[in-house]
Amino acid sequence: MRLVGEQFDLVVLGGGSAARDAANMAMRDYDARVALVERERWGGSCPNVACSPTKAYLVAAELAHDVNTRAAVLGIETSGARVDLGRVREWKESLKKSQDQWLRDLEGSGFATFTGQATFTGQRTIRAGERELETDRILVATGSRTAVPPVEGIEGIDWLDHVSALDLTEVPRSLLVVGAGAVGLEFGQAFSRFGAQVRIVDGAERIAPLADADASATLAAALQAERIELATNVFVQRVRQDGDEVVATIAPRDGVEPYERRAEKVLLASGRVPNIEELGLEAAGVETTRTGITVDERMRTSVPGIWAAGDVTAVAQFTPIAQYQARVAVADMFGMDTPAADYSVLPTSIFTDPELGAVGLTEEQAREQGHDADVARNEHVKRFQFVGAEHGLFKIVFDRGDRKVLGIHVVSRNAGEIVQGLSLGLRLGATVDDLAAMHHVFPTFGEGVKAAAERAVPWMADLVDSAFMD
């Protein structure tokens, strides 16, 4: 039995990606004695209710869609794909590790684990259940949860989020998705392909509002071609239950008269809030904002000896960034002189079909930052014909002066893979001419980037269409 007031070299609050990476690094590289405190979900959101299980649903949705839209074209006889959501859920669950297994694995690695709410009782002490843990180093990595928007009547309906939607065993007849970011778009398309009538609404002027405008428009066209209704520049004013449906009053931001839409289910996907309210951060004096814990470039909070990493910092809520921040924090807390956190070249992807992948600056951001920006673009590659893709984009943003690539934006299958590989080029200062001079594999999705780059090289531009469209 562990004693009250037990001493550790590091206490990590959370059991997700940032927490586990920090604990592993501290023990492996610094021989630290580490405690992990998790109140709800060992392993964190990513493997349990976010990244992994949601992508499993996207794989099932893409297969059903391809069978129904491409099989006959390719000469494959089928009776059509029908999704049994209960069985899809069972398959998704089979890919996950149980909570008992997570604990066995963590404890088997040598970590002390405490299940319960962590609370600061001072700058160096944490209460975990009935135990008090003492340490000179604390890392807060408690993650985030779905933000509930201020919609009148929202507490009176049984709304879904990315967690509860993964537990449905029947496809709803209709689905209203509130939020057109990555989560809303991915779930919206998946459930549309499962058979639901889907409407996605967002208060921003376009879907994927953080993406390049051209990329956003291209993805919107692809989703609308699948009969997914998109309504932007609107907000949900109120909701009410009416029998087995939810009636939503939707108000356009331009002042036009609000209108009503009905759906069997409503899925909230309009943002995240950090899990910090119950930590008692005020007892330690840790500075916070509405979006999360304030940290510097080495993940230090306002209190010496306390660091934060992952979604609670609201810097960039992605699993690889959570892991990266955790490593920066651990290196700093154990006195290593390593580079500060750098997010300047950050590849991202929205895993719709087609995917929207991006790295670097958008065209608008480049101009706002003072670059004499130009763009080169391509919209089609031979590989699109094989999968029936009608909407695509390969866009390069570059500086007219030194020709350096500032950003790459891709709407295509495998877009995430494409921009991830090219992120190194941006970090090393590649020019658009360098991309044009690359050798490529034919026929691939990724060759569209080279085709776009060639359009920026005068003597190559006339050759592009014949080389890539034959």
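Student: What classes of residue line the largest cavity?
Tutor: Its lining has four nonpolar, one polar and one charged residues. Ala, Val, Leu, Ile, Met, Phe, Trp, Tyr, Cys and Pro count as nonpolar, Asp, Glu, Lys and Arg as charged, and the others, Gly among them, as polar.

Student: What kind of model is this?
Tutor: A predicted one: local features need pLDDT of at least 70, side-chain atom pairs count only at pLDDT 80 or more, and totals for chains, interfaces and linings use all residues. Residues are numbered from 1 along each chain as its sequence is written, and side-chain values use heavy atoms, with hydrogens and water left out.

Student: Which residues line that cavity?
Tutor: T54, Y57, L58, E186, F187 and A190 line the largest cavity. Two elements, α3 and α6 (182–194), each give two or more residues to this lining. Helices (H or I, at least four residues) and strands (E, at least two) are DSSP runs, numbered from the N terminus.

Student: How much space is in there?
Tutor: About 30 Å³. The count is one cavity of 30 Å³ or more. On a 1 Å grid over the protein atoms alone, a cavity is a set of points where a 1.4 Å probe fits but cannot get out. A pocket is an open set with protein on both sides within 12 Å along at least five of seven lines. Lining residues have an atom within 4 Å of a point. Volume is the space filled by probe spheres set on the points, which are joined across faces, edges and corners.

Student: Which element gives the largest share?
Tutor: α3, with four residues. By class, that pocket's lining has seven nonpolar, five polar and seven charged residues.

Student: New topic. How many salt bridges does the structure hold?
Tutor: It holds 36. A salt bridge is a side-chain nitrogen of Lys or Arg within 4 Å of a carboxyl oxygen of Asp or Glu.

Student: What does R89 pair with?
Tutor: D167, with the closest N and O atoms 3.1 Å apart. R89 sits in helix α4, and D167 in the loop between β9 (144–146) and β10 (174–178), 78 residues apart.

Student: Why does R89 count as partly exposed?
Tutor: Because its relative accessibility is 24%. Buried means under 20% relative accessible area, exposed over 50%, partly exposed in between (1.4 Å probe, protein chains only). D167 is partly exposed too, at 41%.

Student: And which partner does R145 have?
Tutor: R145 meets E277 at 2.7 Å, N to O. R145 is in strand β9, while E277 is in the loop between β17 (272–274) and α8 (281–284), 132 residues apart.

Student: Is L36 buried or exposed?
Tutor: L36 is buried, at 0% relative accessible area. Its place is strand β3 (residues 34–38). L36 and V312 are 276 residues apart in sequence, yet 16 Å apart in space, C-alpha to C-alpha.

Student: And G255, buried or exposed?
Tutor: G255 counts as exposed because its relative accessibility is 63%. It lies in the loop between β14 (245–252) and β15 (259–263).
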